[in-house]
Amino acid sequence: MKRIILLLTIFLTLVACNQRKSYYNDDSSESYEESTSYKEEEEYPDGTYEAEVKIYNPDTGHEATYTLDVEVEDGELTKIYWNNGGWLDDSHFSPVDISDGSASFEDDRGREYKVELN
């Protein structure tokens, strides 16, 4: 009889431990989902932003800084608008991550860009 009680106690303890483990695993997955959705909310929403754009041309050594409008889509820099009405877009560079407010890239002509959203 003592053996049956002992085995039953061990069995119930294992079941209880397993349920606690499952409970904690469920919480961690919710935390991950919450942190993921929070991270997504940190990204800049789609739209046009004013930015400081630094450009360096390694062929000439010329460096310049401009305040220009830029376009952001899905957390990526997709277009830079020049003051003269022109623009630089995905035909000149691959969209780059700017979800933290800054990005660096090189265009199809080898010019280096650093963009900081204001």
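Student: Which residues does Tyr113 touch, not counting residues up to four places away in sequence?

Tutor: In this predicted model, Tyr113 touches Val53, Lys54, Ile55, Ile80, Trp82, Leu88, Ala103, Ser104, Phe105 and Asp107, with residues up to four places away in sequence left out; contact means heavy atoms within 4.5 Å. Residues are numbered from 1 along each chain as its sequence is written, and side-chain values use heavy atoms, with hydrogens and water left out. Because the model is predicted, local features need pLDDT of at least 70 and side-chain atom pairs count only at pLDDT 80 or more, while totals for chains, interfaces and linings use all residues.

Student: Where does Tyr113 lie, and is Tyr113 buried or exposed?

Tutor: Tyr113 lies in strand 7, and Tyr113 counts as buried because its relative accessibility is 2%. Buried means under 20% relative accessible area, exposed means over 50%, and partly exposed is in between, with a 1.4 Å probe and protein chains only. Helices (H or I, at least four residues) and strands (E, at least two) are DSSP runs, numbered from the N terminus.

Student: With which side chain does the side chain of Tyr113 make a polar contact?

Tutor: The partner is the side chain of Asp107, at 3.1 Å, and the side chain of Asp107 is also joined to that of Arg111 by a polar contact of 2.8 Å. A polar contact is a pair of N or O atoms within 3.5 Å; within protein, one must be able to donate a hydrogen and the other to accept it, and residues adjacent in sequence count only if both atoms are side-chain atoms. Arg111 lies in the loop between strand 6 and strand 7 and, leaving aside neighbours within four places in sequence, is in contact with Ile55, Tyr56, Asn57, Pro58, Phe105 and Glu106.

Student: Changing topic, how many residues are in the largest nonpolar core?

Tutor: The largest nonpolar core has 18 residues, and those with the most contacts inside it are Val53, Val70, Leu77, Ile80, Phe105 and Val115. Two or more residues each come from strand 1 (47-57), strand 2 (62-73), strand 3 (76-81), strand 6 (102-106) and strand 7 (112-117), and strand 1 gives the most, with four residues. A nonpolar core is a set of buried Ala, Val, Leu, Ile, Met, Phe, Trp, Tyr and Cys residues joined through side-chain atoms within 4.5 Å.

Student: What about Lys79, which side chain of opposite charge is nearest?

Tutor: Lys79 is found in strand 3 and is buried yet has no salt bridge, the nearest side chain of opposite charge being Asp89, 4.8 Å away. A salt bridge is a side-chain nitrogen of Lys or Arg within 4 Å of a carboxyl oxygen of Asp or Glu; Lys and Arg count as positive and Asp and Glu as negative, while His and the chain ends are not counted.

Student: And Asp74, what is its phi?

Tutor: Phi of Asp74 is near 55°, a positive value in a residue other than glycine. Asp74 sits in the loop between strand 2 and strand 3 and counts as exposed because its relative accessibility is 63%.

Student: Where is pLDDT below 50?

Tutor: The mean pLDDT (the predictor's confidence in each residue, from 0 to 100) is 81, and 68% of the residues reach 70 or more. Over residues 20-32 the pLDDT is below 50, and this stretch has zero contacts in the model beyond near neighbours in sequence. Where pLDDT is low, the predicted coordinates should not be read in detail.
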